[in-house]
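Here's a quick tour of some helix packing and a chain-chain contact. Have the viewer open as you read.

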Number of protein chains: 2
Amino acid sequence: MSHPNRERADRILDAAGELLLRMGYRKVAVDDIARAVGIGKGTVYLHWRNKELLFQALMMRESADLTDEILGRIKADPAMILPHRMIPASFLVTHRRPLVMAMLRGNADMFGSLGDLALRKQQDELRTQFEEAMLRRGLIRSDVPNLTYALNASTLGFYLGDTLSDEFDGIPLEDKAEVLAHMIRTAFEPSGEPDPAAVADVAAELGSALEELVSGYRQGIYAHDPTKAPG
Amino acid sequence: MSHPNRERADRILDAAGELLLRMGYRKVAVDDIARAVGIGKGTVYLHWRNKELLFQALMMRESADLTDEILGRIKADPAMILPHRMIPASFLVTHRRPLVMAMLRGNADMFGSLGDLALRKQQDELRTQFEEAMLRRGLIRSDVPNLTYALNASTLGFYLGDTLSDEFDGIPLEDKAEVLAHMIRTAFEPSGEPDPAAVADVAAELGSALEELVSGYRQGIYAHDPTKAPG
DNA sequence: GGTTGACCTAAAGTGCGATTCCGGTCAACA
DNA sequence: TGTTGACCGGAATCGCACTTTAGGTCAACC
């Protein structure tokens, strides 16, 4: 009944992602996805009530995987939570996921933006919580006004830069990440060495928060309630 | 002959700018502009060979005025050339000029982009020259790799931020400029006090470069050669 | 009872003639 | 001699009938 093959769900999402990148949300037909997987169109609807939910699931899986990557790095080395390592790492990981990049770069082509909205709110809360913890433990400068804005504005250009002009796309992504690291460290971190205990504490706190986030994502992916009527 | 009333040219540009902001390039008819000024459509064509040149002139005048503003500040205080003062000042001045902001924010609506292109090249050269002078005189850190990219990427988000989300538009522009100043100073300037002689030197060099730029702009605005046939 | 694809239908796309719009010109005017 | 607006023609827009596409359903099938 409501336990359709979970591995099949993943294959559907794989195909959906591939097609989404190639042709954009509007031009991808549910039937295309089904045929790419080798199943009937009706079967897709056994997994998700409609097309939009399918693509929401896709983005959720993508976000979950990305977050897991970062989580793994934090576990391997708690110092990864320091802004000048965390932010460039996110930059790199994000740039290596075309679907996430496409999502960030605006709904230009894939305005299943509802998925976005819900996620965005969670991420904002998490970011705020993270910043507060870092401030509390002296891992981030306390003399920067409008900290959230400051980090946002200073970082945004790195994500959008190559969208607006191609004058810098000769620079390797890793070099760009280094530039970002330098900027974040000098502008937003205190000059001394970070306190290892503080690092460990914040790493633990952030780690569990991220795990919660991931499990939230994962729950949304394969959830399916065939009884609930569509809006 | 080729000396149509220059003050009238300015009134035409005023009207063009106003209409451009209100309705966008495509929906502004030359006749609208003429009627707004209270003259015949033909008269507009005594000033510029075609619509595109008219709007190029408008953007040139805007750029010239903006550059003049900055130039005035440098003359009043040479220390204005320091990145952490220059860049936020440009940020503020730019944000107070809706036409320039619209121009920056992409040709979405006013793709008389040819004007852009020519100007952009000049500005790039000037920026490079400026950076080299600052480096040479120790007014900017020498340990930042890919300096041009670094400055560009770190700054871009401040210009584009409020385009993508409205979560920060409660913050006054001046506060945002301060954030920008902090980021630039800590990330891109050496820690010590700047050498006043170096400041004066660079201010002089930059000052004359900007004056040249402005005079280049101004030349383009009212230039008109009725004998040259359109492409 | 999980799976399917023909089927239904609304919406998007297409073709095309009629109509409007508007950049650019120039003969006439002051 | 500077100024004008009626005028021209190419391009964009509109109206509309027609065709195609694709999301979602469900009776039939295995």
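This is a predicted model: local features need pLDDT of at least 70, side-chain atom pairs count only at pLDDT 80 or more; totals for chains, interfaces and linings use all residues.

Residues are numbered from 1 along each chain as written, with chains lettered from A and ligands numbered from 1 in written order.

Helix H1 (residues 6-23) and helix H2 (residues 30-37) of chain A pack at about 120°, axes 9 Å apart, so H1(A) and H2(A) are oblique to each other. In the contact (C-beta atoms, placed from the backbone, within 7 Å), H1(A) brings residues including Ala15(A) and Leu19(A), which face a set in H2(A) including Ile33(A) and Ala36(A).

## Helix H9 of chain A

At 1.5 Å a residue, the 16 residues of H9(A) (173-188) should span 22 Å, and the end C-alpha atoms are 22 Å apart, which agrees. Expected span here is 1.5 Å times one less than the number of residues.

Buried residues (20 or more other C-beta atoms within 10 Å of their own) in H9(A) include Leu180(A), Met183(A) and Phe188(A). Their cover includes H5 (83-95) and H8 (147-164) of chain A, plus H8 (147-164) and H9 (173-188) of chain B.

## Where the chains touch

24 residues of chain B are in contact with 24 residues of chain A. On the chain B side, H8(B) gives the largest share, 11 residues.

Conventions. Helices (H or I, at least four residues) and strands (E, at least two) are DSSP runs, numbered from the N terminus. A residue is buried if 20 or more other C-beta atoms lie within 10 Å of its own, exposed if 12 or fewer, and partly exposed in between; C-beta atoms are placed from the backbone. Two residues are in contact if their C-beta atoms, placed from the backbone, lie within 7 Å. Axes are lines fitted to C-alpha atoms, for helices over the stretch in contact, and angles run from 0 to 180 degrees between N-to-C directions. Angles under 35 degrees count as roughly parallel, over 145 as roughly antiparallel, 65 to 115 as roughly perpendicular and the rest as oblique.
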